[in-house]
Every structure is written in C-alpha cells, then in structure tokens.
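Have a look at the structure first, then read on.

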Amino acid sequence: MIPTRFKSSFLVVSLASTLILGVAVGFWMPRDDDLFELRKNFRIFGAVYEELVTGYVQPVDPERLMRTGVEAMLGELDPYTTFLDEADNASIDMITKGRYGGVGLDVGRRAGKITVVAPVEGASGYKQGIRAGDVITRVGDQPARSLSVEDVQTLLRGEPGTTVEVTVEREGAPAPLTFTLSREEIDPQDVSYRGRVGEADDVGYVKLERFTRDAASDLESALQSLRDEGELEGVILDLRDNPGGLLAAAVGVTELFVPNGVTIVTTEGRLPAANSTYRSDRAPLLPDLPLVVLVNGYSASASEIVAGAVQDHDRGVVLGTTTYGKGLVQVVRSLPHNTSLKMTTAQYRTPDGRRIQDLDPTPVRDTSTAAGAAPTPRAAPADSGQDGLAPDVEVAAAPPSPLEEALKRRAAFFFYANHYAAERDTLSPDFRVTDAVLSDFQSWLEAEEVRYPTDAEHAVRKLRERFGADEYEEVADEVAVLREAVRAEKQKAFRTHASDLKLHLEREIRARFGSDSQQTAAMLPHDRQVTAAVELLHAPDRYETVLSQGE
C-alpha cells in the first residue's frame, strides 16, 4: 500500500509537471527571474498543501482543499477566468460547438419546484407535448424534490439516441403525466426569429440569440430571405440579451454589413500571439440598407464587437441602452481529468480604439430607467473609464410598475397562465388579454391566496414591527392608516397599469400554446425599442443626423 504522504508528494510532482508542460505548450517562455519566482512559489504552495492534507488535526478532503486554493487564486483575477469541471466542460461544448445531447427542456425553480420554463421548439420535449409551467416530479428513477436545477439538467442530457422518462404534474390534469423523451443532438438556433415589422411591413427584423459557429451563415440566410420577399426600407438586428460567444462569429456577422477590408476589432494581450487585427475579407451582403442594432445591458462580448464596429464605421445606428461591458477574450486550456481553465488572454478594442472594459469586474447595467428617444453622442473615446458601449439613440425598455414587479416575484403570471391553459386546448391566433381576463386574474389571485407584497408594503410592515409596542400606540394607529392607504393604492394600480399587466399575461399565456416564433410575432408590435427603431428607419433625415454625430 502506498503511504499517504508519498501519494501526496506524487500529486505535487504531477501538478508541477502539468504546470511546466502548460508553460511549454503555451506561447510564452518566461524570463529567468519569472521562472525562479514561479518555481519557488509553486513549491511553497505544494508544501503547504501536502502538510495540510497529511497532518492537519482533522481529516482534510484533498480535492476540496485544492479546489478552494484554485478558486482563491482565480479570485484575484477577472471574473471570467474560471476553473471548469466536467459539467462545466459540457456547457462550454454547447457554446463553442452550438450543439448538445438532450431533450430540449429549459428548466428552473418556481415556487420551490423544478418547473419547465420553456421547451425548445422542435426538440423531443416540445414535440411530445411538454408545456411551459409543467412541474417536473421525477427524472428517470430519481424524485425531483431532492434534486437541484443543475442535477435535473445533467440527468436530462446524455448520448444522442438514448431515452429518459420524465414525469410532470400539470394544472388541470387529473394525474401526473409521464413522457419518454429521446435525447438528441440539440442545435440551438442562433437566429430565433426573422420577419417584418412596422405598419407598412417594410422593415426587416432579425433576432440573434448567440454567437456560435453558425451565427453568420444563419443570419445571412435570414437576411437573404427577407430581401427576397420584397423591398426593404431598413433592417433591425436585435442583439438585446445576447451574451456573446465566439470571436470569429462576431467577425462573420459584422462582415455582412461593413465594407470589405475595414477593421472590425483588434485584440491586445500580454503575449504576441494574443495581438491580432480582424478585418472584413468579403463584400457585404447589405452594403447600403439602413441598419439599426438593438442593444441593452445584457448585450455582451461578441454583441459589443458587432455594435462597436457598426458605430465606428458609421454603418448604422445603435439604439437601446448601454451594453454590459465585457471586452475580454478567453481561451479554454485543457487540464487533467477532463477539467479546463477558461482564461482571459486579451482585451479587444473597436476599430476606433475604444476599450469596452477594464479588467475590473463590471456590474450589469440598470436598464429600467425610462428615457426618451433623443439622439445622444457616440460612445466615449478609448480609455475614458466607461464600461460598455453607449447607444447612439437611448431608448430604455418601459420600467415595470411596483405591482408588476411584486407579481413577477411570486411567479403569479406564470402560474395563472397554467391555470388558463388547463381550461382550454387551443388559443386563437388573434388572442388578446381583455379586461375580463385581467379581472379573472385578480379573482384567481384572491382565490389562491397569492400574496404579492410590494416594496411599499414591505416598508409599512417594517414600520409596524418597529412601532408595535404599546408605548407607540398613537404612531401605530397612523401606521395602520398608512397600511390601508397602500392596500387601496395597490388595487388602484391594477387599473392604472392594466395595459402592461395585460401584455405580461399575454406573453405567458401564449407560451403555453404557440411556438416561440408565434409568440415573438405577436409581441413585437408592443416592443417600445423596436417601435423606436422602425420610426427612425422611416425618418431618413433623422437617421443621417444620428450617423453624422459620429463623424
């Protein structure tokens, strides 16, 4: 039997060998003083690790201790340099390859239960009739109550061609429903929707969800189809909520719009191999058609490369709110035992030299503040300290009311949609939430005793707790009056914000019956930012004025 201390020493030697090999296969040969510091500190780290694993007063889990050390080390760097275990590697494969083996169910936790948020259109779950809102009670032979969302996602994935049984509870169904779902290669669509918008039906609209290897070709096909259907006054490229993906895909998408030969993005890193300039090497598909790119606080990375190049070359107008601000390039380095290191190797700059992000962690922008549609100057110059890209025309999404936020927190819209769908098999294509449906929603909330306190109610409750003692009786009476006033205002809010509440209900109800494309088509006319983009494309003089601000 090999002594524990020998095993640990062998592990340290192995780790050292791995590190040296990683340096050897990399693109950097350290200077002598750097190499001395690397070796010295690695030996110190290994010695500390060995002593703790073999001699600490209580038994130490070697793997957990090592992971803790790795995470602490990476915590000193940017938030995108991370250690990836086997499960994380599967997710990376999905992003880089654009495919994975699964049943096509997007799941999450609602009211403490593992719930289907959305079935992927065309996948096994969608085709066999699993609906958004179904509560998963069992996956295979495992009860879902003891599983995390990540556990369920792992169990649903597997080798293409295999099957897995999924049992769900559905409101209105007399008994649980069991589906035998086929795992298959899921190919998430980069382009989730393409169509025409505006009253004249003369503006093309394409929603790009992500940047995998097929993003440019999928977008090109969508744009060609729109062009073949008839004359266009302009096109809207929707990059809102698009977290990015492959750098090459961002370059390919940008090439569809900008002139041949122009710079799209540059990368700057510590190593010479990380410094590159990416230029368009093809004629654009749409060289002159007016273009609006929609962005928001969740448009990141590759989305910002596209938006930045469009801005700097005055190829189109960027409309929405300031982007996330992720201007770092990562590579995935393979490590032993099917693990990896996702490591930042460079920063990128737009064609005019603007840096999208410093290496400090960057918070997501708050896009809820209302703003007008007045043109604003282009983003600040390079190294100005601003993270993200500022739009040329700032138009924020309509902020939800406190009542809508409170209802969302309790998933009230989500569960009422389940209730509504349980009572009917189909939905009319021209379905709209009427006053009667909204009233039924209120009645359902009362019948189900759904409590949805607003922030104002939380504040009043804290006052009641603070002044609840007998010596504050007079103040307590005033708090009670305030409490009733807040309740009355809450009921009034159902009338004040009826239009927004109806739209939210419509989105959820449509998700129970129609495809993603049908839902998108139905909701686009109510999209504030899309409407602003259409108006801008129908106003050529204003469009040119916005472009000229960047010259």
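Arginine 194 is partly exposed, at a relative accessible area of 33%; buried here means under 20% relative accessible area, exposed over 50%, and partly exposed in between, with a 1.4 Å probe and protein chains only. Before going further: this is a predicted model, where local features need pLDDT of at least 70, side-chain atom pairs count only at pLDDT 80 or more, and totals for chains, interfaces and linings use all residues. Residues are numbered from 1 along each chain as its sequence is written, and side-chain values use heavy atoms, with hydrogens and water left out.

**Salt bridges**

What does arginine 194 meet in a salt bridge? Its partner is glutamate 229, at 2.5 Å from N to O. A salt bridge here is a side-chain nitrogen of Lys or Arg within 4 Å of a carboxyl oxygen of Asp or Glu. Arginine 194 sits in strand E10 and glutamate 229 in the loop between helix H7 (215-228) and E12, so this pair ties together parts that are 35 residues apart in sequence. Helices (H or I, at least four residues) and strands (E, at least two) are DSSP runs, numbered from the N terminus. Glutamate 229 is partly exposed as well, with a relative accessible area of 47%.

The count of salt bridges comes to 15 by this rule. Three of them are set out here:

| Pair | N to O distance |
|---|---|
| Arginine 194 and glutamate 229 | 2.5 Å |
| Glutamate 506 and arginine 432 | 2.9 Å |
| Arginine 512 and glutamate 508 | 3.3 Å |

Glutamate 506 and arginine 432 form a salt bridge at 2.9 Å. This pair links distant parts of the chain, 74 residues apart: glutamate 506 is in helix H15 (residues 498-511), and arginine 432 is in the loop between helix H11 (412-422) and helix H12 (435-447). Glutamate 506 counts as buried, at 3% relative accessibility, while arginine 432 is partly exposed at 40%. Arginine 512, which bridges to glutamate 508, is buried too, at 6% relative accessibility. Then there's a network: salt bridges with shared partners join Lys207, Asp238, Arg240 and Asp527.

**The six-stranded sheet**

Back to E10, and on to its sheet. It's an open sheet of six strands in the order E10-E11-E12-E15-E16-E19, with mixed pairing. Strand E10 (191-197) and strand E19 (393-394) stand at the edges with a single partner strand each, so one side of each has no neighbour in the sheet. Two strands pair if DSSP finds at least two bridges between them.

Is strand E15 (residues 291-295) largely enclosed or open? Five of its five residues are buried, so E15 is largely enclosed by the rest of the structure. Leu291, Val293 and Val295 point one way from E15, and Val292 and Leu294 point the other way. Strand E12 (residues 234-238) runs parallel to E15, joined by four bridges, and valine 235 has leucine 291 as its bridge partner there. E15 also pairs with strand E16 (residues 317-320) in the parallel sense, over four bridges, with leucine 294 opposite leucine 319 in E16. To get from E15 to E16, the chain crosses through helix H9 (residues 302-312) in a right-handed β-α-β crossover; right-handed means that, with the strands pointing away from the viewer, the path from the first strand over the helix to the second runs clockwise. E16 and E19 pair in the parallel sense over two bridges, and leucine 319 has valine 393 as its partner in E19.

Over in E12, you'll find isoleucine 236, which counts as buried at 0% relative accessibility. Its contacts (heavy atoms within 4.5 Å), leaving aside neighbours within four places in sequence, include Val292, Leu294, Val530 and Leu537. Isoleucine 236 and leucine 319 are 83 residues apart in sequence and 9.9 Å apart in space, C-alpha to C-alpha.

**Two positive phi values**

Most residues other than glycine have a negative phi. Serine 301, in the loop between E15 and H9, has phi near 55° and is buried, with a relative accessible area of 10%. Histidine 337 has phi near 60°, lies in the loop between strand E17 (328-335) and strand E18 (339-349), and is exposed at 74%.

**The whole protein**

In total, the secondary structure comes to 18 helices and 19 strands, and buried residues make up 43% of the 551 residues.
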